[in-house]
Amino acid sequence: MRKDGTPRAVSDRHYYSMFEYAGVGVANVSFAGELVDVNARFCEMLGYTRSVIPRAFPMHALGVGHPDSVVTCHKLGYQMFDSALPTRDARSGRLYAFTNDPAGVNFRPRGNWWEYIYVEDKKHIKANRPISAFCDCHTCQRYSLGYLHHLHKISDTLYYRLATIHNLRFMMRLVETLAREP
Ligand SMILES: [Zn+2]
């Protein structure tokens with residue numbers, strides 16, 4: 001979570017604190033009825049389910065899509081994840097970025113190995129760098145954060161495509177790297 005003071009970032013931090021540290025399992029469901037994300041206590045409940053299913057059977061954590069929740073559930077024994085959150089975040093301007101090369105990261109929930117990039121932030125207007133220096137996706141290899149800021153500002157549909165490619169690649173690399181952990 002970023003430490004800046006933009007209204008979007010402050011609102012995100014307040015929401016995330018309430019959601020993540022709630023004493024009960026909470027699932028975030030979209031207006032369309034899709035399971036978008038679950039909190040830490042919900043992940044603990046998933047851990048109980050995993051504990052009663054033999055390890056020979058891979059398990060699917062439906063609705064788990066927040067990077068921290070994916071790490072938590074992976075450590076509980078889940079291998080597959082399915083959530084609308086990364087693409088939803090991409091479209092709304094909230095991008096995920098590794099802060100270090102993921103190959104060398106010791107993943108843990110709420111660590112500083114990743115951060116949000118809010119593409120609408122004015123400080124990105126002239127940013128001549130990719131969303132993340134550690135991302136190998138099509139978007140980061142060809143487009144600057146400043147150009148994405150421009151596309152987002154004028155609601156160009158190319159922004160939605162490029163942002164979605166990036167957030168999905170982030171999630172793929174996260175899961176690939178977690179799968180290689182001993
Ligand atoms: Zn990227």
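Predicted model: local features only at pLDDT ≥ 70, side-chain atom pairs only at ≥ 80, totals over all residues.
Helix α7 covers residues 157-180. It has 24 residues and reaches 35 Å from its first C-alpha to its last, close to the 34 Å expected at 1.5 Å a residue. The buried residues of α7 are Tyr159, Leu162, Ala163, His166, Asn167, Phe170 and Leu174. These buried residues pack against α3, α4, β5 (94-98), α5 (138-142) and α6.

Helix α1, residues 7-20, has 14 residues. From its first C-alpha to its last, α1 reaches 20 Å, close to the 20 Å expected at 1.5 Å a residue. How many of the 14 residues of α1 are buried? The count is zero, and α1 is hardly covered.

| Helix pair | Angle | Distance between axes |
|---|---|---|
| α3 and α7 | about 25° | 11 Å |
| α2 and α3 | about 20° | 9 Å |
| α6 and α7 | about 130° | 7 Å |

The pair of α3 and α7 comes first. Helix α3 (residues 67-76) packs on α7 at an angle of about 25°. Angles under 35 degrees count as roughly parallel, so α3 is roughly parallel to α7. The crossing in which α3 passes α7 is right-handed. On the α3 side, Pro67, Val70, Val71 and His74 take part, and they meet Leu174, Val175 and Leu178 in α7. Six residues of this contact of α3 with α7 are nonpolar, one is polar and none is charged. Leu174 is also listed among the buried residues of α7.

The next pair is α2 and α3. Helix α2 (residues 40-51) and α3 pack at an angle of about 20°. This angle makes α2 roughly parallel to α3. The crossing of α2 past α3 is right-handed. Which residues make the contact of α2 with α3? Ala40, Cys43, Leu46, Gly47 and Arg50 contribute from α2, and Ser69, Thr72, Cys73 and Leu76 from α3. By class, the contact of α2 with α3 has five nonpolar residues, three polar ones and one charged one.

The last pair is α6 and α7. Here the angle is about 130°, and the axes are 7 Å apart. That angle makes α6 oblique to α7. The crossing of α6 past α7 is left-handed. Leu148, Leu151 and His152 in α6 meet Leu158, Tyr159, Leu162 and Ala163 in α7. The contact of α6 with α7 divides into six nonpolar residues, one polar residue and no charged residue. Tyr159, Leu162 and Ala163 are also among the buried residues of α7.

**Single residues**

Serine 155 lies in the loop between α6 (145-153) and α7. It has a positive phi of about 55°, although it is not a glycine. Is serine 155 buried or exposed? Serine 155 has 8 other C-beta atoms within 10 Å, and a residue with 12 or fewer counts as exposed, so serine 155 is exposed.

Methionine 59 is found in the loop between α2 and β3 (60-62). It has 16 C-beta neighbours inside 10 Å and therefore counts as partly exposed. Leaving aside residues up to four places away in sequence, methionine 59 touches Arg50, Ile53, Gly77, Tyr78 and Gln79. Arg50 also belongs to the contact of α2 with α3. The C-alpha atoms of methionine 59 and tyrosine 78 are separated by 5.1 Å, and these two residues are 19 residues apart along the chain.

Tyrosine 16 lies in helix α1. It is partly exposed, with 16 other C-beta atoms within 10 Å. Tyrosine 16 and alanine 40 are 24 residues apart along the chain, and their C-alpha atoms are separated by 11 Å. Ala40 is one of the α2 residues in the contact of α2 with α3.

Serine 92 lies in helix α4 (residues 85-92). From C-alpha to C-alpha, serine 92 and valine 119 are 9.0 Å apart in space, and they are 27 residues apart in sequence.

Notes:
Residues numbered from 1 in each chain as written. Axes fitted to C-alpha atoms, helices over the stretch in contact; angles between N-to-C directions. Helix = DSSP H or I, 4+ residues; strand = E, 2+ residues; numbered from the N terminus. Parallel < 35°, antiparallel > 145°, perpendicular 65-115°, else oblique. Left-handed = near helix turned anticlockwise from the far one by under 90°. Contact = placed C-beta atoms within 7 Å. Nonpolar A, V, L, I, M, F, W, Y, C, P; charged D, E, K, R; others polar. Buried ≥ 20, exposed ≤ 12 C-beta atoms within 10 Å, placed from the backbone. Expected span 1.5 Å × (residues − 1).
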